[in-house]
Amino acid sequence: MPAVNPEILIWARETAGLEVEEVAKKIFTDGKKLSANEKLKLLESGQKEPTRPQLNKMSKAYHQPLLTFYLSEPPKREDRGEDFRNLPQKTFDRKGNAHLNLLMRNIKASQNLVRQLLEDEEGEEELPFIASATMSAGYQAVAKDIVETLEFDLDVFRSKRELREAFAYLRERIERQGIFVLLQSDLGSHHTTIPIEVFRGFAFADPIAPYIVVNRQDAVSAWSFTALHEVAHLWLGKSGVSGTWGEADVERFCNKVAASILLPTSELNELLPLQHFHLDDAAVAINAFATSRNISRAMVAYNLMREDKISRSLWQALRDKFAAEWRKNNDDEKASRSDKQGGPSYYAVRRFHLGPGLIGLAKNFLSGGELTPSKAGVVLGIKAINVYPLLNPDYYARRN
């Protein structure tokens, strides 16, 4: 039997959402006798053994650890919960979904290590709110319990001058309860960016180390809603991945929970009847209403539709309009940033994405010797060499 099982090579490529033609020339060059495609097919058929340099290239291209290629058989897919998304076939993103699966694998590996660390801590108890609720209790009761447990103050949330500050306040309330809240949307490179059409967020319900991941590609105004939607998943004990305005019963329920926390239904009456408004006029009214509350315009429109204050067709038109405007503004901001010098460092941005909870935990266990830099890299989703400068902002200053 060859040292590398050719089934592993096929599995790794397909797991990354890649066809032979997409990856062959990253590993080989066309020769006089064999093309790059043919050379890769020889390896995948077991007719030729891959060299170590070729495996290194595959490891990078497929986003797999090198040791994976020496397993006796393809690893079984770890249970990561349910798929609550509603993805029409015409919009199915094969590569985006492959990257999502890899991201979920990495987050699960981080969670498993964190759970082990916390279980070894004396006095560590299971979190009582995980899987404590049922949909039969009603979304208002679940929302009330979440607000009380988090000690979330809506007035404080709305008082924040910037959307990121409002999210930071909510994140701090969530993480105080032992839930890790991450902003993630790729595998460490913009080449693997996962769009919000593929996922908006996911949750891994665990009584020791629950994780929430919010797709940072989404509008900042949507982060808080998604975070609370995923918190509702934890209360229900429902691990899985969520999409945009999903139609599954659990998705609608979690939407109602999140919306009722950020936007009491009674406040919708403050908006003038919009049913017969021109699309642009309705959008202006909703924009002012949402901005004053640090919430997304699309969420306001969704709740107006849910309460029968606007038609489904108007909601869909508003949703599409807001999405188009956000994409344009996002593109303009990226273009503006590319023209400017400076900005936050890689490590500052990464710390914000990982969140204070996970950063603090990794720093404490690393300094205490329970974590090696290698394992800390797994927890944080970075290379071991980057662990110390990430966890210590003045790392380079102290070394010079």
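**Figure 1. Strands β2 and β4 pair in the predicted model.** In this predicted model, β2 and strand β4 (residues 211–214) run parallel and are joined by four bridges. V181 has I212 of β4 as its bridge partner. Helix α14 (residues 346–367) packs on the sheet and touches both β2 and β4. The direction of helix α14 makes about 150° with that of β2.

**Figure 2. Five strands form an open sheet.** The strand order is β1-β5-β3-β4-β2, and the pairing is mixed. The edge strands are β1 (82–83) and β2 (180–183), each of which pairs on one side only.

**Figure 3. Strand β3 (residues 201–204) is covered on both faces.** G201 and A203 lie on one side of the strand, F202 and F204 on the other, and all are buried. Strand β3 pairs with β4 in the antiparallel sense over four bridges. A203 has I212 in β4 as its bridge partner. Six residues lie between β3 and β4, and the two strands form a hairpin. Strand β3 also pairs in the antiparallel sense with strand β5 (residues 240–242), over three bridges. Here G201 stands opposite S242 of β5.

**Figure 4. R171 is a buried residue with no salt bridge.** R171 belongs to helix α8 (residues 163–175). The nearest side chain of opposite charge is that of E175, 4.4 Å away. A salt bridge requires the charged atoms to be within 4 Å. The side chain of R171 does reach the backbone oxygen of F352, at 2.8 Å. Leaving aside neighbours within four places in sequence, the contacts of R171 include V181, L182 and L183. R171 is also in contact with F352, H353, L354, G355 and P356.

**Figure 5. A131 has a positive phi.** Most residues other than glycine have a negative phi. The phi of A131, a residue other than glycine, is positive and near 60°. A131 is found in the loop between α5 (94–120) and α6 (139–150). With a relative accessible area of 47%, A131 is partly exposed.

**Figure 6. E151 also has a positive phi.** E151 is not a glycine, yet its phi is about 55°. The residue sits in the loop between α6 and α7 (154–159). E151 counts as exposed because its relative accessibility is 55%, and the cut-off for exposed is over 50%.

Notes
Residues numbered from 1 in each chain as written. Predicted model: local features only at pLDDT ≥ 70, side-chain atom pairs only at ≥ 80, totals over all residues. Heavy atoms only, no water. Pairing = 2+ DSSP bridges. Contact = heavy atoms within 4.5 Å. Axes fitted to C-alpha atoms, helices over the stretch in contact; angles between N-to-C directions. Buried < 20%, exposed > 50% of the residue type's maximum accessible area, 1.4 Å probe, protein only. Lys, Arg positive; Asp, Glu negative; His and termini not counted. Polar contact = N/O pair within 3.5 Å; in protein donor to acceptor, adjacent residues only side chain to side chain.
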